[in-house]
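Me: I have a chain open here and would like to go through it piece by piece. Can you start with any term I need for the charges on its surface?

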Amino acid sequence: MKTFSATPADIDKKWILIDAEGVVLGRLASIVAMRLRGKHKATFTPSQDMGDNVIIINADKVQMTGKKREEKFYWHTGHPGGIKSRTKAQILEGAHPERVVTQAVKRMLPGNRLSRQQMTNLRVYAGAEHPHEAQSPEVLDVKSMNKKNTRV
């Protein structure tokens, strides 16, 4: 028996809709990263973009356990003394709360060219509306997968 290796003609991409309201951030990010890579499929091939297109809504209502809301994201401006930081709570309350979810998913993928391409299949929206109704996405209920996925 030969090992199956998928080609671009074999790939079947679906559209998945996930509601992030009340879901724990890390658990959501790991499920989304798995879906983006395509590891949930039996035909998974590491060198191909096998993953689905994922839409996440209500990203501003994502939950975190412990004191993770006070953890900081750091970046450097490139100038001397240019280290900057913002807590996750500040980002969630700011103008772009979807960046917390995007960054969590990005950091759960390997750091290579294929992962950067797979990140283009992720769409994150702070509110409940999204412009992808024409793709008729399937709803993936992350809350009901495991009782630990939600936080009250």
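Reply: Start with the word "patch": it is made of residues with over 30% relative accessible area and no salt bridge, with like charges joined within 9 Å. Lys and Arg count as positive, Asp and Glu as negative. Keep in mind that this is a predicted model.

Me: OK, which residues form the negative surface patch?

Reply: Asp19, Glu21, Asp60 and Asp141 form it.

Me: Where is Asp141 found?

Reply: Asp141 sits in the segment after β6, a strand that covers residues 138-139. Its relative accessibility is 44%, so Asp141 counts as partly exposed.

Me: And which residues make the positive surface patch?

Reply: Lys106, Arg107, Arg113 and Arg116. Arg113 belongs to helix α4, residues 113-118. With a relative accessible area of 69%, Arg113 is exposed.

Me: Step back a bit. How many helices and strands does the chain have?

Reply: There are four helices and six strands. In sequence order the pattern reads β-α-β-β-β-α-α-α-β-β.

Me: What box do the C-alpha atoms fill?

Reply: Roughly 55 × 40 × 30 Å, taken along the principal axes. The chain has 152 residues, and buried residues make up 40% of them.

Me: What is in the largest nonpolar core?

Reply: That core has 29 residues. Leu28, Val32, Val101 and Leu122 are the ones with the most contacts inside it. β1, α1, β2, α2, α3 and β5 each supply at least two residues of this core.

Me: Which element gives the most to this core?

Reply: α1, with seven residues.

Me: Why would nonpolar side chains be buried together?

Reply: As a general point, that is how nonpolar side chains tend to be arranged in soluble globular proteins.

Me: Fine. New topic: how many salt bridges does the structure hold?

Reply: Three. In general, side chains of opposite charge can pair when their charged atoms come close.

Me: Which residue does Asp49 form a salt bridge with?

Reply: Lys13, and the closest N and O atoms of the pair are 3.4 Å apart. Asp49 lies in the loop between α1 and β2 and Lys13 in the segment before β1, so the pair ties together parts that are 36 residues apart in sequence.

Me: Buried or exposed, those two?

Reply: Asp49 is buried, with a relative accessible area of 11%. Lys13 is partly exposed, at 32%.

Me: What about Lys41, which residue is its partner?

Reply: Lys41 forms a salt bridge with Asp52, with 3.2 Å between the closest N and O atoms. Both Lys41 and Asp52 lie in the loop between α1 and β2, and the pair ties together parts that are 11 residues apart in sequence.

Me: Why does Lys41 count as buried?

Reply: Buried means under 20% relative accessible area, and Lys41 is at 19% relative accessibility, so it counts as buried. Asp52 counts as buried at 2%.

Me: And which residue does Lys88 pair with?

Reply: Lys88 forms a salt bridge with Glu71, the closest N and O atoms being 3.1 Å apart. This pair links distant parts of the chain, 17 residues apart: Lys88 is in helix α2 (residues 88-93) and Glu71 in the loop between β2 and β3. Lys88 counts as buried, at 11% relative accessibility, while Glu71 counts as partly exposed at 39%.

Me: How far is Glu71 from Arg86?

Reply: They are 15 residues apart in sequence and 8.3 Å apart in space, C-alpha to C-alpha.

Me: Is Ser136 buried or exposed?

Reply: Ser136 is exposed, with a relative accessible area of 56%.

Methods:
Residues numbered from 1 in each chain as written. Predicted model: local features only at pLDDT ≥ 70, side-chain atom pairs only at ≥ 80, totals over all residues. Heavy atoms only, no water. Patch = residues over 30% accessible without salt bridge, like charges linked within 9 Å, V, L, I, M, F, W, Y side chains within 5 Å. Areas by Shrake-Rupley, 256 points an atom, 1.4 Å probe, with all protein chains shown as cover. Salt bridge = Lys/Arg side-chain N within 4 Å of Asp/Glu carboxyl O. Charge placed at Lys NZ, Arg CZ, Asp CG, Glu CD. Buried < 20%, exposed > 50% of the residue type's maximum accessible area, 1.4 Å probe, protein only. Core = buried A, V, L, I, M, F, W, Y, C linked by side-chain atoms within 4.5 Å.
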